[in-house]
Amino acid sequence: MIFCWGMDFAVIFAENLLKRTPSHGLPLPGGARGSSMTSNFIDYVKICGRSGAGGGGSAHFRREKHVPKGGPDGGDGGRGGHVLVRGNAQLWTLLHLKYQKHVIAKPGKGGDAGRRTGAQGEDAVIEVPLGTVAKDAETGKILFEITQDGQQAVLVPGGRGGLGNEHFKSATN
């Protein structure tokens, strides 16, 4: 997998370096990239991934009838969803990612009154076969390799949630 930062997204090139042969031991037809024969074995994929934005902090003030100086009590925003890469021993190829060009994680929810923190955004998970390597698209530097079943790596981290006005109060509110 090759990974490149953009403004708010990442371009991912997935490359499966394990050359697998079928049980009969003969090479697959058209197994090499760029071959004239077609094959269902996909070992190189380009995907654009975008992490979720963090939720906004709340600007709420506590006001109740018998509380003379309630003050600020706005909660923090939730973290945006990550774009994760997870190894799966049941996969042999990147064929399931061939037509999936965009992976977008969910944004975090905003904070609420009463110092309540917003919900975290749902992570987007890309399942890849073992032996998949993530590289930076611009420099070609290897970021990580997925070698074990269930191994996860964060490809694009989610946005940080904003601070609620609870953090900005003073001694006199």
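This is a predicted model: local features need pLDDT of at least 70, side-chain atom pairs count only at pLDDT 80 or more; totals for chains, interfaces and linings use all residues.
**View 1. Strand 4 meets strand 9.** Let's zoom in on one pair from that sheet. Strand 4 and strand 9 run antiparallel, and four bridges join them. Look for V85: across from it, in strand 9, stands A153.

**View 2. The largest nonpolar core has 18 residues.** Which of its residues touch the most other members? They are V83, L97, V128, F144 and I146. Strand 3 (44-50), strand 4 (83-87), strand 6 (124-128), strand 8 (142-146) and strand 9 (152-156) each give two or more residues to this core. In soluble globular proteins, nonpolar side chains tend to be buried together. Now pick out F144: leaving aside residues up to four places away in sequence, F144 touches V85, T132, V133, A134, A153, V154 and L155.

**View 3. E166 lies in the segment after strand 9.** Is E166 buried or exposed? E166 has a relative accessible area of 19%, and because buried means under 20%, E166 counts as buried. Its side chain joins that of K169 through a polar contact of 3.2 Å. Leaving out residues up to four places away in sequence, E166 also touches P72, D73, G74 and R115.

Notes. Residues are numbered from 1 along each chain as its sequence is written. Side-chain values use heavy atoms; hydrogens and water are left out. A nonpolar core is a set of buried Ala, Val, Leu, Ile, Met, Phe, Trp, Tyr and Cys residues joined through side-chain atoms within 4.5 Å. Buried means under 20% relative accessible area, exposed over 50%, partly exposed in between (1.4 Å probe, protein chains only). Contact means heavy atoms within 4.5 Å. A polar contact is a pair of N or O atoms within 3.5 Å; within protein, one must be able to donate a hydrogen and the other to accept it, and residues adjacent in sequence count only if both atoms are side-chain atoms. Two strands pair if DSSP finds at least two bridges between them.
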